[in-house]
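Biologist: I would like to learn how to read an interface between two parts of one chain. Where do we start?

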Amino acid sequence: MEAPMQTQDHTARDHQVGRRLTALTIGMDHLERRLSRGHGVLDSEGLVPIYLGEHVVPAPQFDDWDTVHTELADLEREVLPYPNGARRAFLEDMLRSLKTAARLFEGEELSFKEKLEQLVGVPAAPISNDQLQAIQGDLDRLLTDAGYAHGTLAERTARWEAERYLPQDQLEQTFTALMATAQQRTDTMIYPTGDYHMNLNMVRGVPFTARCNFSVGQMDLNVDLNFTRSALKHLVAHEVFPGHSTQLLYTRDYAERGESTPDVLLCTANAVTGCIQEGIGDQGIHLIDWVDSTDDAIYMTLRRLRSSAATSGAWYQMGEGWPEDRVYDFLERTCFGQKVWIEGRIRFASYSFRGPFIASYWFGDEAVRTVRERITPEQRPAFIASLYGEMHSPRSLQMFQG
């Protein structure tokens with residue numbers, strides 16, 4: 001059994017590797033931004049959209065991609081002596097992801113399959129029809145138990161959602177109330193978040209459903225879509241407490257105190273770390289034990305269906321070359337999404353660099369869920385410490401032993 005990181009991997013050498021990995025990644029981010037001037041494969045987002053560690057690990061000045069590849073090769077040699085286990089698995093996966101990112105930033109054309117496997121670190125395949133049908137079956141049973149027994153599954157889902165949509169003038173007060181509860185539960189069960197909070201910022205004409213705008217303390221919400229209370233509750237958990245904002249606060253504090261290796265500061269990187277970031281967000285409501293109504297159970301099953309279908313849709317679109325109208329029909333028939341949501345998923349999948357990360361939601365959610373569901377109550381503190389206080393790829397997280 002691999003010892004917890006706090007007792008085995010927290011060595012001076014591993015800290016130095018983590019520092020070099022962080023510096024390399026931030027240096028790549030700055031180089032890509034400087035050379036692309038906001039018009040590269042990542043537009044203006046950068047390799048690390050939110051970085052809170054400039055005072056801990058400043059960005060080095062890289063002049064060209066050859067320098068980046070030299071540092072990548074040096075770090076790969078540093079990892080070779082590591083014992084088999086979660087830390088080595090993460091470092092291997094992260095370095096492969098960064099090598100792939102560098103190739104893309106240099107202008108190399110890679111297939112959607114290569115991007116999924118090497119950049120995101122997930123299988124290049126659709127979710128099986130059996131799995132999609134199993135989730136549909138779960139949704140069917142929950143809706144039936146809730147009194148929605150007549151009509152097709154699509155019709156019943158639409159009726160359930162329509163009867164629960166929040167009027168737009170109620171979104172802000174509902175968000176504020178939900179955030180207060182989520183913060184209280186997060187402070188008790190995950191990490192004390194202090195006086196941090198977010199305001200709701202309603203936006204239109206964007207390709208995302210919601211976004212953590214950490215630096216200005218806002219959760220951006222796409223109000224071209226309609227939201228039930230349970231959907232908004234999930235987004236609060238995903239973007240704020242105990243999701244993205246909480247992970248940023250946790251990793252910053254632990255890196256500053258030296259209780260985590262510096263690479264935890266890369267939690268928002270568009271690399272293999274993205275899967276676990278999204279997995280924490282999508283599992284957030286479960287991590288603070290906040291599924292407390294039939295509506296919540298129905299919505300979380302519906303969200304899981306839509307995440308899996310979107311992953312398949314992206315593969316069909318970019319991996320198999322389906323035309324967009326066929327992908328639209330697949331998503332509409334399979335997971336009954338709103339028109340704006342479906343259009344946003346199709347647009348997301350088509351982005352050169354970010355598109356493959358549509359799969360990070362499903363595979364990240366599954367990685368966090370499977371470990372969360374198999375641990376004992378006694379293992380939970382160690383699991384939370386590993387989930388938030390270490391960087392993981394889906395492969396390394398599955399190695400958690402408690």
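Modeller: Start with buried area: the accessible area (1.4 Å probe) that two parts lose on being put together, summed over both. The size of an interface is often given this way. One caution first. This is a predicted model: local features need pLDDT of at least 70, side-chain atom pairs count only at pLDDT 80 or more, and totals for chains, interfaces and linings use all residues. Residues are numbered from 1 along each chain as its sequence is written, and side-chain values use heavy atoms, with hydrogens and water left out.

Biologist: Which domains make up the protein chain?

Modeller: Domain 1 spans 12-119 and domain 2 spans 129-399. The bounds come from an automatic or database domain assignment. The domain centres, taken over C-alpha atoms, are 25 Å apart.

Biologist: How much area is buried between domain 1 and domain 2?

Modeller: About 3,200 Å², with carbon and sulfur atoms giving 71% of that area. In domain 1, the residues losing the most area to domain 2 are I50, L52 and F112, together 22% of what that side buries.

Biologist: How many residues are in contact?

Modeller: Contact means heavy atoms within 4.5 Å. By that rule, 39 residues of domain 1 meet 37 residues of domain 2.

Biologist: How many salt bridges are there between the domains?

Modeller: A salt bridge puts a side-chain nitrogen of Lys or Arg within 4 Å of a carboxyl oxygen of Asp or Glu. The count between domain 1 and domain 2 is 3. Separately, take E92 and R395 as a worked pair: they form a salt bridge, with the closest N and O atoms 3.1 Å apart.

Biologist: Which helices supply the side of domain 1 that touches domain 2?

Modeller: Helices (H or I, at least four residues) are DSSP runs, numbered from the N terminus. α1 (12-36), α3 (86-105) and α4 (112-120) each supply at least two residues of that side. α3 gives the most, with 11 residues.

Biologist: Is D263 buried or exposed?

Modeller: Buried means under 20% relative accessible area, exposed over 50%, partly exposed in between (1.4 Å probe, protein chains only). D263 is buried, at 0%. D263 sits in the loop between α9 (244-257) and α10 (273-282). Leaving out residues up to four places away in sequence, D263 touches G18, L21, T22, R87, F90 and M391.

Biologist: And where is T294 found?

Modeller: In helix α12 (residues 294-319). T294 counts as partly exposed, at 45% relative accessibility. T294 and S230 are 64 residues apart in sequence, yet 9.7 Å apart in space, C-alpha to C-alpha.
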